[in-house]
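Colleague: Please take a close look at one part of this model, the place where the chains meet, and then go on to how the rest is built.

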Amino acid sequence: MYRTMVTARLIDEASFRLNRQGKAPFVVPVSGHEGCQVGTGWPLRPRQDIWVPYYRDVVIVLLAGMTPYEIFLGLFAKADDPSSGGRQMPSHWGSRRLGIISHSSPIATQVPHAAGIAWAARYRGEDAVVGCWFGEGATSEGGWHEGMNFAGIHKLPVVFVCENNRYAISVAQPLQMAIENVADRAPGYGFPGVVVDGNDVLACYAAMRTAVERARAGEGPTLIEAKTYRYFPHTSDDDDRSYRTREEVEAAKHDDSIARFAETLKDRGVMDAAAIDAVWAETKADVDGQIDQAWNAADPEPSSLERHVYFEGDGA
Amino acid sequence: VTEKNVVTAIHDTLHAEMVADDRVVVLGEDIATRGGVFRVTQGFLDEFGEQRVIDTPLAEGGIVGIAVGMALHGLLPVAEIEFADFIHPAYDQMVSEVSRMRYRSNGDFGLPMVVRAPWGGGVHGALYHSQSIEATYGHIPGIKVVVPGTPYDASGMLRAAIKDPDPVLFLEHKRTYRLIKGDVPDEPFEVPIGKADVKREGDDLTAIAYGLALHLCLEAAARLEEEEGISVEVVDVRTISPLDKQTILASVVKTGKALVVYEDNRTYGAGAEIAATIAEEALFDLDAPVARMGGPDVPAMGFATSLEHAFMPNADTVADRMLELARF
């Protein structure tokens, strides 16, 4: 868990570095969200359960099985980018092999997809559970309501996770909704809503494990709201100084889930300071090593622009 | 072979495909207990059960979005939008998700799904139960848009749509549902998507149409043959996208004159693309300018009979236009 969080943080730092170097035109940061993502992603089973992420979910796709190399292929829009072959902006995830559902830029359109997948999984007699992640801004969209409503009516095996970082780009939560907790909306759909401290990895894990067990037992969906914060602007093209004070951002960093989890691991005697330092050093070397490999990969052929509009035959 | 009307042909084909393949599921408003407002899915709930015949909440974006999820996970959903006029809330799902799932994933994911929707006027449907939506979606690469006009084509193209690995918007002209009858084979058969069809052969001019307008053209062509000795070839477009340019152009090259008839608002309608194609690729075979008949550029037809008639083409107005073109 800890190593995955560190990997995501280092991918973020490297991505912004590459952005400043002019090698990565666009970066969607994850920093701040690592704790809620690792906690809510961990109870799902790679290649058995289904992952319906949104663009901030670096940890989620790492847990599903995507490698940093593959993430950097996407960052550099390379031909072998598993998500889209360089067609989509970076962080628009997808991999049929890994059960990561391709998503778009419009917000919350993936929520009805999650409900439909859950219907199909149950109809086919599978025990798969669908995890569906989004920000708090997504909960204002009609598609979010439609997906939640359908999932609730039919008690579908899906867990909805709201990574509430208090800002939808610049719009703060009080202008997004009249309520304090997104989770309060869940009873309106006939299933429980749970608020967790998104920077407390084990609390997120416990909430998700309960929700996954509930879904797998046929008892229906759960909405988990993980309260967290994003440390960087919305994307590399955003300037968050126009809507957040530096003091607020710095204060939020004092509650960093990675640092908190490191303390927990030390307190419980799982890892000592040296082991934690080693994780950072090893991961940094590993991540940095994968950047060059991805940078040197081939760009998409211009002629490939017209491919895959329609089915091209098996194996195409 | 059995004579059927269009709605029965669609019902029977959908039924046969649900019997043949348990991956086929149907979902939409009023389709289960009620059997659909046009009775397309009548009896399905009792026979196939509520896991395959799903009354959805009243939310068109959700219907299409849920169908996307089903198609992503091994099912072959056939979603019904109760009236094509109500598909607009699903526009984001159709354009941002349905049309480009395959493209954006570089071929990794596909969406074998059908969205059925009754469209068109002539039934006192007024502004919100009469619209034509084919041009809107014909403009979107990645979605196939079909407009069968006969029981035979509706049956064969619905089967082809269900078996198609790509999403198909299947538009059923509601005025034809019970008006148009024809022979349909009792054994399963397919009519390929992307192929137009010469419904009547002729030499003097080509009329190009689909949906109800096809039948207006056929009626007008028969009348002109009898009354004026004018021979009109009638091409049924059948598929809006991808458009079968070859069949259309071959007919126009043969006759030298083209009249495109469509019910949608004239400006930017599907007929505009057909007319442009003829102008681009058959100009030197033309003996007259390409002629176009489309609906007036007002938001939609009115409820009053007089207003509906003023909007819709009819066999008289089509025959007049054909005669004018024949005499050019």
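Modeller: What follows begins with the contact between the chains, then turns to the sheets and to some local details.

The model is predicted, so local features need pLDDT of at least 70 and side-chain atom pairs count only at pLDDT 80 or more, whereas totals for chains, interfaces and linings use all residues. Residues are numbered from 1 along each chain as its sequence is written, chains are lettered from A and ligands numbered from 1 in the order in which they are written, and side-chain values use heavy atoms, with hydrogens and water left out.

The contact (heavy atoms within 4.5 Å) takes 41 residues from chain A and 40 residues from chain B. The area buried between the two chains is about 3400 Å², and carbon and sulfur atoms give 62% of that area. Buried area here is the accessible area, taken with a 1.4 Å probe, that two parts lose on being put together, summed over both. In chain A, the residues that lose the most area to chain B are A:Trp119, A:Tyr123 and A:Tyr310, together 21% of what that side buries.

Between chain A and chain B the count is 19 residue pairs in polar contact, with both residues at pLDDT 80 or more. A polar contact is a pair of N or O atoms within 3.5 Å; within protein, one must be able to donate a hydrogen and the other to accept it, and residues adjacent in sequence count only if both atoms are side-chain atoms. On the side of chain A that touches chain B, helix 5 (110–123) and helix 6 (142–153) of chain A each supply at least two residues. Helix 5 of chain A gives the most to that side, with 10 residues. Helices (H or I, at least four residues) and strands (E, at least two) are DSSP runs, numbered from the N terminus. By type, the residues of this side of chain A divide into 19 nonpolar, 15 polar and 7 charged. In that division Ala, Val, Leu, Ile, Met, Phe, Trp, Tyr, Cys and Pro count as nonpolar, Asp, Glu, Lys and Arg as charged, and the others, Gly among them, as polar.

The count of salt bridges between chain A and chain B is 1. B:Asp108 forms a salt bridge with A:Arg96, with the closest N and O atoms 3.9 Å apart. A salt bridge is a side-chain nitrogen of Lys or Arg within 4 Å of a carboxyl oxygen of Asp or Glu. Over all chains the structure holds 44 salt bridges. One of them joins the side chains of A:Asp200 and A:Arg260, at 3.8 Å from N to O. This pair links distant parts of the chain, 60 residues apart: A:Asp200 is in the loop between strand 6 (193–197) and helix 8 (201–216) of chain A, and A:Arg260 is in helix 10 (residues 257–267) of chain A.

In chain B, 7 strands form an open sheet with mixed pairing, in the order 3-2-4-5-7-6-12. Strand 3 (53–55) and strand 12 (239–241) of chain B stand at the edges with a single partner strand each, so one side of each is left without a neighbour in the sheet. Two strands pair if DSSP finds at least two bridges between them. Within chain B, strand 2 (residues 24–28) and strand 4 (residues 76–80) pair in the parallel sense over 5 bridges, and B:Val24 stands opposite B:Leu76 in strand 4 of chain B.

Chain B also has an open sheet of 5 strands, with mixed pairing and the order 9-11-10-13-14. Its edge strands are strand 9 (197–200) and strand 14 (291–295) of chain B, each pairing on one side only. Strand 10 (residues 205–209) and strand 13 (residues 258–265) of chain B run parallel and are joined by 3 bridges.

Lastly, the peptide bond from B:Ser241 to B:Pro242 is cis, with omega near 0 degrees. B:Pro242 is in the loop between strand 12 and helix 10 (245–255) of chain B.
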